[in-house]
Amino acid sequence: NEKLVFHGTPRYCFLGDGDAMADLCDMSICGLCGILRNSFSVARAGTAPGRNFLRFGHGIYTSSVSSKADDYTNKLSHSTNKVLIVAKVALGKGSIFHRTTTSLRSAPEGYNSVLGEVGIDLNYDEQVLYQDDAVRPAYVILYDRPVPPNPPAAAAKSSSSCTIM
C-alpha cells in the first residue's frame, strides 16, 4: 500500500536557490537537508521550532494536501522560495482516526499506520508512520508562495481551522 504524499519541513540553507546551491548544508536545524541526507526519523518528530503539537503522537506526518504540508515549511529572509518533500510511504494497514490522540507511540495493534481523516478534529488528511523505514523522500518541490500586499481584513484574522463554504 504505497502512496506519494507531501511533507513540509523547515529549510535554513540556500539549497535550491540558484544553480550553485546544490549541496546539502550541515546545519542540524535544517530539516530539509537532514531528511535528504539521512531520510526521515521518528526521533525528530516535534523538533521543528514552534511545531511540537503531535496530533497522533510521535510519528512522521504526511498529507495528500500540499497546503497542509506548506504549513510546516518556513519563509526565509534570504530566499523567496519554500520547499516541500514528496515522500513515498508504505502505509500498510492503516487505522482511521477522526479525533486527536496525542498519546500514541505507535499504530494500534494490528495496524502499520494512522490515517487521520477530515472531520471532527481535522481539516486536512494526515498519514502518520511510526517506523523510519516506512517513508522515504522521493522528490523536492521548490516554490514561491507570495503573500498578498494588502490582505482583506477577514483573511488577515483567519486561522488554519477556518472553513470555506
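Reader: How many aromatic pairs does the ring rule give?
Author: This is a predicted model, in which local features need pLDDT of at least 70, side-chain atom pairs count only at pLDDT 80 or more, and totals for chains, interfaces and linings use all residues. Residues are numbered from 1 along each chain as its sequence is written, and side-chain values use heavy atoms, with hydrogens and water left out. Rings of Phe, Tyr and Trp (its six-membered ring) pair if their centres lie within 6.5 Å; planes under 30 degrees apart count as stacked, over 60 as edge-to-face and the rest as tilted. By this rule, the count is one aromatic pair.

Reader: What is the angle between the planes of F56 and F97?
Author: A pair of aromatic rings is described by the distance of the centres and the angle of the planes. F56 and F97 form an edge-to-face pair with 5.7 Å from centre to centre. The angle between their planes is 70°.

Reader: How many residues apart in sequence are the parts that this pair ties together?
Author: Helices (H or I, at least four residues) and strands (E, at least two) are DSSP runs, numbered from the N terminus. F56 lies in the loop between α1 (31–38) and β2 (60–62), whereas F97 belongs to strand β4 (residues 94–97). The pair therefore ties together parts whose separation in sequence, in residues, is 41.

Reader: Are F56 and F97 buried or exposed?
Author: Buried means under 20% relative accessible area, exposed over 50%, and partly exposed in between (1.4 Å probe, protein chains only). By these cut-offs, F56 and F97 are both buried.

Reader: Which residue in β5 is the bridge partner of I96?
Author: Two strands pair if DSSP finds at least two bridges between them. β4 and strand β5 (residues 113–116) pair in the parallel sense over four bridges. F97 stands opposite G116 in β5, while the bridge partner of I96 is L115.

Reader: Which are the edge strands of the sheet that contains β4?
Author: Four strands form this open sheet in the order β2-β6-β5-β4, with mixed pairing. The strands that pair on one side only are β2 and β4.

Reader: Why is one side of β1 and of β7 left without a neighbour in the sheet?
Author: Three strands form an open sheet in the order β1-β3-β7, with antiparallel pairing. β1 and β7 stand at its edges, so one side of each lacks a neighbour because each has a single partner strand.

Reader: Which residue in β7 is the bridge partner of V89?
Author: Strands of a sheet pair through backbone hydrogen bonds, either parallel or antiparallel. β3 and β7 run antiparallel and are joined by nine bridges. In β7, the bridge partner of V89 is V135.

Reader: What covers the buried residues of α1?
Author: The buried residues of α1 are G31, L32, C33 and I35. Contact means heavy atoms within 4.5 Å. What covers these buried residues includes β1 (2–8), β3 and β7 (135–144).

Reader: What is the relative accessible area of S39?
Author: S39 lies in the loop between α1 and β2, just after α1. Although S39 is not a glycine, it has a positive phi of about 75°. S39 is buried, and its relative accessible area is 14%.

Reader: What distance separates the C-alpha atoms of D71 and H7?
Author: D71 lies in the loop between α2 (66–70) and β3 (81–90). At 30% relative accessibility, D71 counts as partly exposed. D71 and H7 are 64 residues apart along the chain, and their C-alpha atoms are separated by 9.8 Å.

Reader: The charged end of which residue sits over the ring of Y111?
Author: A charge sits over a ring if NZ of Lys or CZ of Arg is within 6 Å of the ring centre and within 35 degrees of the ring normal. At 4.8 Å from the centre of the Y111 ring, the charged end is that of K93.

Reader: Which pattern does the protein follow along the sequence?
Author: The protein has three helices and seven strands. Of its 165 residues, 37% count as buried. Read along the sequence, the pattern is β-α-β-α-β-β-β-β-β-α.
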